2 protein chains.
Amino acid sequence: MIDTHGMMERIGQKARAAARILAAIDGKARNLALARMAEQLLADREALQAANALDLAAAQANGLQPAMIDRLRLTDQGIQAMADGVREVAALPDPVGEITEMKPRPNGMLVGRMRVPLGVIGIIYESRPNVTADAAALCVKSGNAVILRGGSEAIHSNRAIAQRLALGLSAAGLPADAVQFIDTTDRAAVGALLQCDRHVDIIIPRGGKGLIRRVMEESRIPVIKHLDGICHTYVDRYADLEMAEALTFNGKMQRTGVCNATETLLVHQAVAAEFLPRVCRLLSEAGCELRGCDQTRALVGESAPVAPVGAEDYDTEYLDAILAIRVVATLDEALTHIETHSSRHTETIVTRDHPRAMRFLREVDSSAVMVNASTRFNDGFQFGLGAEMGISTDKLHVRGPVGLEGLTCLKYIVLGDGQLRQ
Amino acid sequence: MIDTHGMMERIGQKARAAARILAAIDGKARNLALARMAEQLLADREALQAANALDLAAAQANGLQPAMIDRLRLTDQGIQAMADGVREVAALPDPVGEITEMKPRPNGMLVGRMRVPLGVIGIIYESRPNVTADAAALCVKSGNAVILRGGSEAIHSNRAIAQRLALGLSAAGLPADAVQFIDTTDRAAVGALLQCDRHVDIIIPRGGKGLIRRVMEESRIPVIKHLDGICHTYVDRYADLEMAEALTFNGKMQRTGVCNATETLLVHQAVAAEFLPRVCRLLSEAGCELRGCDQTRALVGESAPVAPVGAEDYDTEYLDAILAIRVVATLDEALTHIETHSSRHTETIVTRDHPRAMRFLREVDSSAVMVNASTRFNDGFQFGLGAEMGISTDKLHVRGPVGLEGLTCLKYIVLGDGQLRQ
């Protein structure tokens, strides 16, 4: 049996020491390391694929579904994309060291804030091995050390990738310990990581709900997580109905298995009779299953099949081509529905009315609130942040896409010339 | 026996409903409520003192120390100061609704962020009843509802104050449930509050280490806390020694029982022989007990009594007129000492050397890092934030003084005109 706590203590100590160095160097040195990491991945393409072959063989032997096996596979193209991703992260603006809000106090000292790395980040992820490189690149770019714990089905691939990343760090003269990989499939190692609060500053789980729940329950370290995405598109009485149709269709159908897809459509009763039959026909013809309130079903009639909504529908993240629909009498009723059923991920209003748009923006309490835009835009790349670690539905520290800024924090700095407190 | 979980569920639901209203109204309405709250405290001065008399009588019967009883007492002046404090919070700039960083994306939609309240804040505090009003005022100003849980020794005073605050809210036409008081001394109520993650967004403990540890262990809700303040003053080889003497004395002795007092003095060996005898004499004459490394003791000699530093001293928050002293060979050694022993609260360097000052600023990982200023300045009022909830030594969300901004978060907002994701 492995002493997982002892192992994590050693990994954590080394990560802490590496983090101190990464935080102290300048952005150029971190970018050089990212360049070397990308080169190393490309140079060892064959070794990565050989390691990947072991995971693929095990997956086949274990009867994994073809779609899952596909996600595991490291193709030539996939390795190129992984290296390109590391280079793209290097090209992002340096988030570290920015000094803001320096203001003089009456006694003459300047008080402001400096953006600094969080320190050591633990990332627990499942399935796709490219996360190993993506996550490590974001952490190194933002001056953090990272401890990676991937899924057991990808352990050979993840280990091989992490080794190349560490080699890249060494080649750039930085501590290889800034990217460490927990090299065991022992589930106890996850528990040990979650208890390692002396050396790990933050945990980011990337994976299914089971993983995230376990992390939330066991972690003694603060967690940046995202759980469900039960996102709403609200078509207001003053909506441009053509736009509303396009936004509903895009929000629901552009990609269905993702957290920012629309799961519930709310429609103001004043436009429901005109809007619902056509949007439902369009969705239904595209293969979307519809589940509506009584009013929806009555209004849609023969235009499209709409099943009655069940007790759970408004609280379900379908992650599939299924849409719940409800007619609301007022904007207030829409806001109350969202307050009650939203997972605080993404909501959008379709309206031409400025006061109603502003009210929706102010009062909806979600990580992203939109006017006349598709819910599918809540994403780091779409928001211009570059790559992301996930989309946080927490309120503390970072809401919405977790990009480089989310991996940093602000400390106060004070520049004085001998000021004393009276 | 009280059903504490049922009670907390009801309190939490009412707080959530009130929070939604507080977030939706404008700053003027919140300021009006604060004005009414202050008026109500002053109008009911006698009732507050009658309630306070019950706490004082119980404290005397229970043999509480005179200093503790003094902290409990609500004098005329104290009530006036409490009401003035609420008015000062009202006069601060409104932290809610600010929209920043709105930038166009290539597809024409604008993406930025809006500052919004956190929602429902649970505050668990000990001893001084004025915290009831201070904390509630900050929460209402920042558009949050608050659930207050005070110490049992002040329950009559806290209840009376909370009732007046709720009356003030009602008088301003706002829901009284925005300020709720857990009206039981049952310790299980704290546990129930810490489990109430559906309705409470954040917990802020204000009190001793025992309280904070319990909260950290039991809470399922994110916590903004501050634990120890083991703060360092580092006198560099390029320090102005007169300034260094004043800053050391101020950092240690201006007030000793507080978290931003200096607990350890680090002195570069190049100036130790000149600096240490005089600063030690000064401190010793002011009644400060000194505990130094061997080199310190040798250099100070007959100038002042310096006891040998023990194994625990560098890791102890004295909260008293005691100072640990260590001579370091280099700036690096000072940084390593701080990395090892600091509680990440406040550190200051005294130096005239710009590169060394910048290096200290960058590399010391604390909530406030200072150059040529007293550690005692890490404080919401001193930093110009107005009143504070405490000083966070966490890294997530807010580091340093937790003012109004720390009680808010940023959500993304998107203004489009029909953009679809491709």
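A crossover is called right-handed if, with the strands pointing away from the viewer, the path from the first strand over the helix to the second runs clockwise. In chain A, strand S3 (residues 120-125), helix H6 (residues 130-141) and strand S4 form a right-handed β-α-β unit of this kind. The model is a predicted one, in which local features need pLDDT of at least 70 and side-chain atom pairs count only at pLDDT 80 or more, while totals for chains, interfaces and linings use all residues. Residues are numbered from 1 along each chain as its sequence is written, and chains are lettered from A and ligands numbered from 1 in the order in which they are written. Helices (H or I, at least four residues) and strands (E, at least two) are DSSP runs, numbered from the N terminus.

S3(A) and S4(A) run parallel and are joined by five bridges; two strands pair if DSSP finds at least two bridges between them. Within this pairing, Ile121(A) has Val146(A) as its bridge partner. S4(A) is also joined to strand S5 (residues 179-181) of chain A, in parallel, by three bridges, and here Val146(A) stands opposite Val179(A). A right-handed β-α-β unit is made by S4(A), helix H7 (residues 155-171) of chain A and S5(A).

S4(A) covers residues 145-149, and five of its five residues are buried, a residue being buried if 20 or more other C-beta atoms, placed from the backbone, lie within 10 Å of its own. In a regular strand the side chains alternate between the two faces of the sheet. Ala145(A), Ile147(A) and Arg149(A) point one way from S4(A), whereas Val146(A) and Leu148(A) point the other way.

Between the chains, 57 residues of chain B are in contact with 56 residues of chain A, contact meaning that the C-beta atoms, placed from the backbone, lie within 7 Å. Elements supplying at least two residues each to this side of chain B include helix H1 (4-24), strand S13 (368-373) and strand S16 (408-419). S16(B) gives the most, with 11 residues. Strand S16 (residues 408-419) of chain A pairs with S13(B) in the parallel sense over five bridges, and Leu415(A) has Val371(B) as its bridge partner.

The 21 residues of H1(B) should span 30 Å at 1.5 Å a residue, which agrees with the 30 Å between its end C-alpha atoms; the expected span is 1.5 Å times one less than the number of residues. Buried residues of H1(B) include Met8(B), Ile11(B) and Leu22(B).

Notes: Contact = placed C-beta atoms within 7 Å. Buried ≥ 20, exposed ≤ 12 C-beta atoms within 10 Å, placed from the backbone.
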